[in-house]
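Please have the sequence and the coordinates open side by side while reading. The paragraphs below go through the two chains in turn, starting with how the elements are named.

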Amino acid sequence: MLSSFATPELCKSMSSSSATTVRWIRPHSRFYIYFYFSPASPHVKVEEIHPVSLIRQTPASKISGLFPFKAKDFVPPAKHMRRPPYAAKLRFEVIDTGVGIAPQFLTEVFEPFSQPLRLKEGPGLGLCVSQRLTQGLGGRISVDSKLNEGSRFWFDLDLPLAYVHPSFHDFF
Amino acid sequence: MFVNTILTCGDTIKALVSNILDLSRMETDMLEWNCQTFNLIALVEEIAGSFALFAHNKNIYLQVNMTIEPPFRWQFVYSDKIRLKKILTNVRMEHTHPPPFFVLLLKPSGFN
């Protein structure tokens with residue numbers, strides 16, 4: 001099956017389709033698609049290029065088999081084209097000087113439906129959800145506590161920095 | 001006064017339902033993240049505002065330390081804003097017994 005198509009359109013459609021399928025990927029994990037085309041490559045023949053519809057219906061694992069390029073054709077992007085992998089490493093802490101938690105209960109604080117304090121009216125899901133969300137965002141949550149002295153909940157997160165043009169600062 | 005009570009109950013139920021929903025979505029690996037670019041400083045101020053209301057109701061002293069003195073480009077991050085807010089709110093909900101002192105601290109632990 002031979003067909004001709006414009007390369008930029010293929011890239012655009014592939015990136016948009018993968019952007020819709022990677023919705024479930026963990027946030028903060030970097031996911032880039034680079035398209036490299038080296039016109040000097042001897043491997044590119046018209047017969048080897050598959051039509052857009054076929055490529056889009058093929059699972060990503062099989063595309064590499066169909067792909068006409070070899071590893072040596074891939075040239076890393078120039079320094080100024082790469083996105084800097086900057087992230088702000090932040091620690092959020094919530095400290096209080098309340099009743100605290102006894103050391104034997106510290107391990108089960110993050111379990112669902114656990115209420116080591118028996119003080120509140122909720123079902124005891126809050127900290128469990130917090131822990132799982134933090135882990136989902138690629139961080140970790142922990143607690144230091146002493147009975148009758150207070151407790152200190154903290155979590156570390158690496159938040160990717162976003163560049164916003166100064167003229168758009170008011171919109172956020 | 002009654003309106004306040006109704007509002008508080010509504011918030012409690014909303015938090016409970018969304019917690020249960022999130023938990024069951026996580027159990028089935030169906031959790032969707034809604035990442036967006038947002039202003040980190042504004043988020044912390046927002047959370048501090050809700051903490052302040054809580055602290056005022058419980059008659060406790062609230063202190064907010066933001067040890068982050070960012071250059072302007074540090075201010076905007078890309079993450080799930082609502083989930084981040086939920087993490088902090090859930091941690092805060094634990095302290096129903098009124099502590100006399102309550103700190104929200106945000107500090108950079110390095111620059112990647």
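Helices and strands are taken here as DSSP runs, where a helix is a run of H or I with at least four residues and a strand is a run of E with at least two, and both are numbered from the N terminus. With that naming, chain A follows the pattern α-α-α-β-α-β-β when read along the sequence, which amounts to four helices and three strands. Residues are numbered from 1 along each chain as its sequence is written, while chains are lettered from A and ligands numbered from 1 in the order in which they are written. The model is a predicted one, in which local features need pLDDT of at least 70, side-chain atom pairs count only at pLDDT 80 or more, and totals for chains, interfaces and linings use all residues.

The pLDDT is the predictor's confidence in each residue, on a scale from 0 to 100; chain A averages 67, and 45% of its residues score at least 70. Among the elements of this chain, helix 2 (residues 52–57) of chain A has the lowest mean pLDDT, 48, whereas helix 4 (residues 126–136) of chain A has the highest, 89. Where pLDDT is low, the predicted coordinates should not be read in detail.

Burial is judged by counting neighbours: a residue is buried if 20 or more other C-beta atoms lie within 10 Å of its own, exposed if 12 or fewer, and partly exposed in between, with the C-beta atoms placed from the backbone. By this count, buried residues make up 19% of the 172 residues in chain A. Helix 4 of chain A is mostly covered, with nine of its 11 residues buried; among them are L127(A), V129(A) and L133(A), as well as R132(A). After this helix comes G138(A), whose phi is positive, near 85 degrees.

Further along chain A lies a hairpin, formed by strand 2 and strand 3 of chain A with three residues between them. Strands count as paired if DSSP finds at least two bridges between them, and these two pair in the antiparallel sense over seven bridges. One of the bridge partners is F153(A) in strand 3 of chain A, which faces V143(A) in that pairing. In the loop between strand 2 (140–146) and strand 3 (150–160) of chain A sits N148(A), a residue other than glycine with a positive phi near 65 degrees. Most residues other than glycine have a negative phi. N148(A) is exposed, because 9 other C-beta atoms lie within 10 Å.

Chain B has three helices and four strands, and from the N terminus on its elements run α-β-α-β-β-α-β. Buried residues make up 21% of its 112 residues, and residues 24 or more positions apart account for 86% of the contacts in chain B with a separation of 6 or more.

The expected span of a helix is 1.5 Å times one less than its number of residues. Helix 1 of chain B is hardly covered, since the count of buried residues among its 26 residues is two. In the loop between helix 1 and strand 1 (36–39) of chain B lies D29(B), which has a positive phi near 55 degrees although it is a residue other than glycine. D29(B) counts as exposed, because it has 7 C-beta neighbours inside 10 Å.

Helix 2 (residues 40–58) of chain B has 19 residues and reaches 27 Å from its first C-alpha to its last, close to the 27 Å expected. Which residues are buried in helix 2 of chain B? They are L40(B), I47(B), F51(B) and A55(B). Helix 2 of chain B is followed by N59(B), whose phi is positive, near 60 degrees.

Technical notes:
Contact = placed C-beta atoms within 7 Å.
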